[in-house]
Amino acid sequence: MTFRPFRLSLNALLAALLVASALPAAAEPTLAEVQASMKQGQLPAALEKVDQILAVKPKDAPARFTKGIILTEMNRQNDAIALYQKLSEDYPELPEPYNNLAVIYASQRQYEKAKAALEMAIRTHPAYATAHENLGDVYAKLASQAYDKALQLDSANTQAQTKLAVIRDLMGSNSRVPRTAPPSKPVLVAAAPAAAPAAAAKAPAKTPETPAAAKPAPATPVVAKAEPEKLPAKPAAEKAAPVPEKKAEPKPDDKAQAEARKLVENWAAAWSRKDVKAYLNYYARDFETPGGVPRKTWESDRQLRIAKPGPIRVEVDDLNVRVSGDEAKVRFRQSYTSANLKSATTKTLVLVKRDGRWLIQQERVGG
Amino acid sequence: MKQLFRIGACAALILGAVLGTSASAQSPKGPISDGGPEASLSKVFKDIEARRLDSALERVDALLAVYPNFRLAHLIRGDLLLARSRPLTGFGNAPTAPPEKVAELRDEAIARLQAYHARPTKNQVPRYLLQMRPDQKYAIVVDTKKSRLYLYANERGRPRFVADYYITHGKEGAKKSREGDKRTPLGVYHVVSEVPKKKLTDFYGSGAFPINYPNEYDRLLGRAGHGIWLHGVPRDTMSRPPKASDGCVVLANADLQALASRLQLGLTPVIISDEVEWLSLDDWQQERSALQGQIEAWRRDWESGDTERYLQHYAEKFTSDSATRTQWGARKRAIAKGKTWVQVRLDNISMFRDPGQEEMVVVTFDQDYRSNNLKQRDGKRQYWIKEGGKWKILYEGQA
């Protein structure tokens, strides 16, 4: 289940606010600086900077919104909830805080609350596609809970995992730009500070000039639908866009990198083919199983899961490979679709070279 | 809008199954009960059929507020919610659902709705309750095909409808004959006892009441097995599928509790049928009088001292616990020689018709026998059958 959390296009009002606030940047940091800190994973620093902005302009919507994202990433969900609630009270016409509030509720499996928040977002902006998409997901979640109760299914465990993935996804999408920002969204700027530079880099990149951009997120079409309403904000976005940072830097395509990349692609392909044997073959003998369960247990669990009826589609995008000697770290976006689950997460695989072959030694969700 | 149509079509399918068989049972006088979750459930399906999905969801939510463990309602709720995010393919769209579990819930839906749409009317009584004795406050009639239990009160001998409840019966259906055949017996029984609560696991829910299967008639026919109870359900569910027990009759815990407060141990009849026959009050009265007349004739002929006339009331295949028809005749003729007068009084007569294929009525009474050389009071049970178009006694013994 994917929540496309920060598909946050800010409307004209917000954008204008941002521009206004960005110009007289005197003593206090700018939002762009906050974003930069976020992108480097320096969340406490980002929080400090955004608090400095808010000390001067306590009502500033973009700054408050950004703080909400930082708090969410810092796992301070309750603080983030409180912030978004207050923000919604002050700016009831903004759908984004409701949407992000819903994402947090959903991550806490409070789907009724998530539903209510998304319905608010839609009430203010009936064409707000992200909220519609998320609401669809929440309905599906609620349905799944109802089915669990009806059929005494024990999907609770897998659900918890899915949920976690969502949170990380959310973090990934903000701290690392490449993929999550939907191509059609230059407006992101003001909204999701971290995403802004990305969006900027991305917007023109609709044509796959970086590997990252190759695969549009599944949500894209919906997002596009919401566009007209956000159009006025575009100029503002462009102004804010030229944030220096270049993401998706071209990689020195050395051999090891290519091999590692190939391995991940093959691994995903085996998974998609439901070729369990081949799939398991990509894991090193000393692979760190989740929760440290015995290898056998993990293998049979994987086997069961993959062998379930229905097609599986695993796609990897935005591969970011870092090689050091016989070890490689590959970070990428994984889109997983099966009969009963759709998720898009950031994944990291740690590869080791054994007998001239790259194998997976660690696999974890998140960057 | 496609998904709406599909789920609507699905509801229509279920409703069709229900209404198709029940239209004839509807009477212009109107049904006599509207309790339980079926009324709401029926409205939910009508909403779905009419594509009022929001209204259907509201109703399901309201239903779940009252019955939080109602799995069927959860399933429908799941479908209604999912319909908002993707097209549905049928009833019970849980992606990982074991098909048999969905099928069980669909069966439950059909059973509940069918019973609801074919409720008896005020003018109908179950054919089996020909006469309750005055101290029998209630009688229970079970319809396995409809997955339904009907509770009747004794209103001066006439059964008055009180309530009806969804029930679960044997995995393999009805007509128990062997130990372990996972079937529910068909016949005239009564509640024997209550199993002490501390002896019950959660599986039996709010209580358990054994009935007297196998009864004398079952034994006569060589039917075996034991441990047929009325009992509740585990805490985590409101109900079980229509066919899920090992032969017991299983009710929702709240329903069993409502029932338990009205049960008289050793007295309350439990008549289990695979398809309850309903009679108009007129027909019922006629059947009842006919048999009453025969019983009265038997009593009078006994008093008359004319042993051959008395023996005419016994069927060819008659048997008691200790005698065949021939032995019984010989014994009665011998006894009659010592009698100068005989007086027989029958009190507390009950007459319950057996729901099986054979025409058979279980008659129970207190017999007050006086004669020149013997005075005796005891409880008696007779099985009357139709032989050559006349009511005859098939079995007679202590009750």
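Let me start with burial in chain B: of its 399 residues, 42% count as buried, where buried means that 20 or more other C-beta atoms lie within 10 Å of the residue's own, exposed means 12 or fewer, and partly exposed is in between, with C-beta atoms placed from the backbone. Please keep in mind that this is a predicted model, in which local features need pLDDT of at least 70 and side-chain atom pairs count only at pLDDT 80 or more, while totals for chains, interfaces and linings use all residues. Residues are numbered from 1 along each chain as its sequence is written, and chains are lettered from A and ligands numbered from 1 in the order in which they are written.

On confidence, pLDDT is the predictor's confidence in each residue, from 0 to 100, and chain B averages 89, with 91% of the residues scoring at least 70. Over residues 1-10 of chain B, however, the pLDDT is below 50, and that stretch has 20 contacts in the model beyond near neighbours in sequence, a contact being two residues whose C-beta atoms, placed from the backbone, lie within 7 Å. For the complex, the predictor gives an ipTM of 0.75 and a pTM of 0.65.

Turning to the architecture, chain B has 10 helices and 17 strands; helices (H or I, at least four residues) and strands (E, at least two) are DSSP runs, numbered from the N terminus. Six of the strands of chain B form an open sheet in the order 2-14-15-16-17-13, with mixed pairing, and two strands pair if DSSP finds at least two bridges between them. Strand 2 (129-131) and strand 13 of chain B stand at the edges with a single partner strand each, so one side of each has no neighbour in the sheet. From one strand to the next, the twist averages 25 degrees.

Within that sheet, strand 15 (residues 360-371) and strand 16 (residues 375-387) of chain B run antiparallel and are joined by 11 bridges; B:Thr364, for one, has B:Arg381 in strand 16 as its bridge partner. Lying across strands 2, 14, 15, 16 and 17 of chain B is helix 8 (residues 281-304) of chain B, which runs at about 155 degrees to strand 14, where axes are lines fitted to C-alpha atoms, for helices over the stretch in contact, and angles run from 0 to 180 degrees between N-to-C directions.

What about B:Ser322, is it buried or exposed? B:Ser322 sits in the loop between strand 13 (314-320) and helix 10 (325-336) of chain B, and it is exposed, because 9 other C-beta atoms lie within 10 Å.

Among the buried residues of helix 2 of chain A are A:Leu31, A:Val34 and A:Met38.

Finally, the core: a nonpolar core is a set of buried Ala, Val, Leu, Ile, Met, Phe, Trp, Tyr and Cys residues joined through C-beta atoms within 7 Å. In the largest one, of 139 residues, A:Ala102 and B:Val141 touch the most other members, and helix 8 (residues 129-151) of chain A gives the largest share, 12 residues. Leaving aside neighbours within four places in sequence, A:Ala102 has contacts that include A:Ala114, A:Leu118 and A:Val138.
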